[in-house]
Amino acid sequence: MGSFAPFEGVQPTILTVPGLGGSGPSHWQSLWERERHDTIRAELGMWNTPHRNAWVTKLDQAISTAQAPVILVAHSLGCIAVAWWASLSPQPYGWPVAVALLVAPADVDRADAPPEIAGFAPAPRGALPFPSIVVSSTDDPWITSQRAHSLAAEWGSHFEEVGALGHINAASGVGAWHEGQDFLERVIAASGDGRGHQRTPGDARRVLATRAEAMRRGVRS
């Protein structure tokens, strides 16, 4: 993995990390890439025949070339790739990846996991070296809510359940996924203080927790 030097005073780069098959033109990741000037895709390649080590290497290259700080926005198998990158990367806490939004992680450890994703097993279990939110649906065919919650706990992530949205993809009919954009704003707020300075781990967790409580009350903070 690469080595990184801090560089304060810049706006974060939002790097999307799609899952198996990539994210098509109507997927919320693709829509965000088109709508936001700060958002680009990590081109991992081999979208239909993913290989764990190849994806981790490509992700490392994408993170290394993006202007730090980096915010990772991963979906499905992309979440597992992020966890593998984190387990192999020497990055200190919060740099160059400042925070991550991990949506609908695929369960690569289940007995009937498709061969396309089984090569990513076992899912890494250590705490991620950056604050993060795991978002899960109650009827996701790729993972149970209980397993998603377990992954979040193992990664040290905040866990959010969004109801019955399937795999939270284009087939779910979420479009640009406005609720997801609220989650994105939360992780952006946790990534820095708005003046180019990285938040401490405790401060980042407080920001995520405070915004989570505000959303439950229906109040935008």
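Trainee: Which residues touch the most other members of the largest nonpolar core, and what makes it a nonpolar core?

Mentor: Leu59, Leu72 and Leu102 do, in a core of 40 residues. It is called a nonpolar core because its members are buried Ala, Val, Leu, Ile, Met, Phe, Trp, Tyr or Cys residues joined through side-chain atoms within 4.5 Å. Buried means under 20% relative accessible area, exposed over 50%, and partly exposed in between, with a 1.4 Å probe and protein chains only. The model is predicted: local features need pLDDT of at least 70, side-chain atom pairs count only at pLDDT 80 or more, and totals for chains, interfaces and linings use all residues. Numbering starts from 1 along each chain as its sequence is written, and side-chain values use heavy atoms, without hydrogens and water.

Trainee: Which element gives the most to this core?

Mentor: α3, with nine residues. Helices (H or I, at least four residues) and strands (E, at least two) are DSSP runs numbered from the N terminus.

Trainee: What is Leu72 in contact with, beyond its neighbours within four places in sequence?

Mentor: Its contacts, meaning heavy atoms within 4.5 Å, include Leu15, Val17, Ile63 and Val82. A second, separate core has 23 residues, among them Val103 and Trp177.

Trainee: Why are β2 and β6 said to stand at the edges?

Mentor: The open sheet runs β2-β1-β3-β4-β5-β6, with parallel pairing. β2 (39-41) and β6 each have a single partner strand, so one side of each is left without a neighbour in the sheet.

Trainee: How do you know that β5 and β6 pair?

Mentor: Two strands pair if DSSP finds at least two bridges between them. β5 and β6 have four bridges, in the parallel sense, so they meet that definition. Within β6, Phe159 is the bridge partner of Val134.

Trainee: Where does α5 pack, and at what angle to β6?

Mentor: On the sheet, touching β4, β5 and β6, with its direction at about 160° to that of β6. Axes are lines fitted to C-alpha atoms, for helices over the stretch in contact, and angles run from 0 to 180 degrees between N-to-C directions. The buried residues of α5 include Leu151 and Trp155.

Trainee: What makes a space a cavity, and how many of 30 Å³ or more are found?

Mentor: On a 1 Å grid over the protein atoms alone, a cavity is a set of points where a 1.4 Å probe fits but cannot get out; lining residues have an atom within 4 Å of a point. The search finds one of 30 Å³ or more. Tyr93, Pro131 and Arg199 are among the residues lining the largest cavity.

Technical notes: On a 1 Å grid over the protein atoms alone, a cavity is a set of points where a 1.4 Å probe fits but cannot get out, and a pocket is an open set with protein on both sides within 12 Å along at least five of seven lines; lining residues have an atom within 4 Å of a point. Grid points are joined across faces, edges and corners, and a volume is the space filled by probe spheres set on the points.
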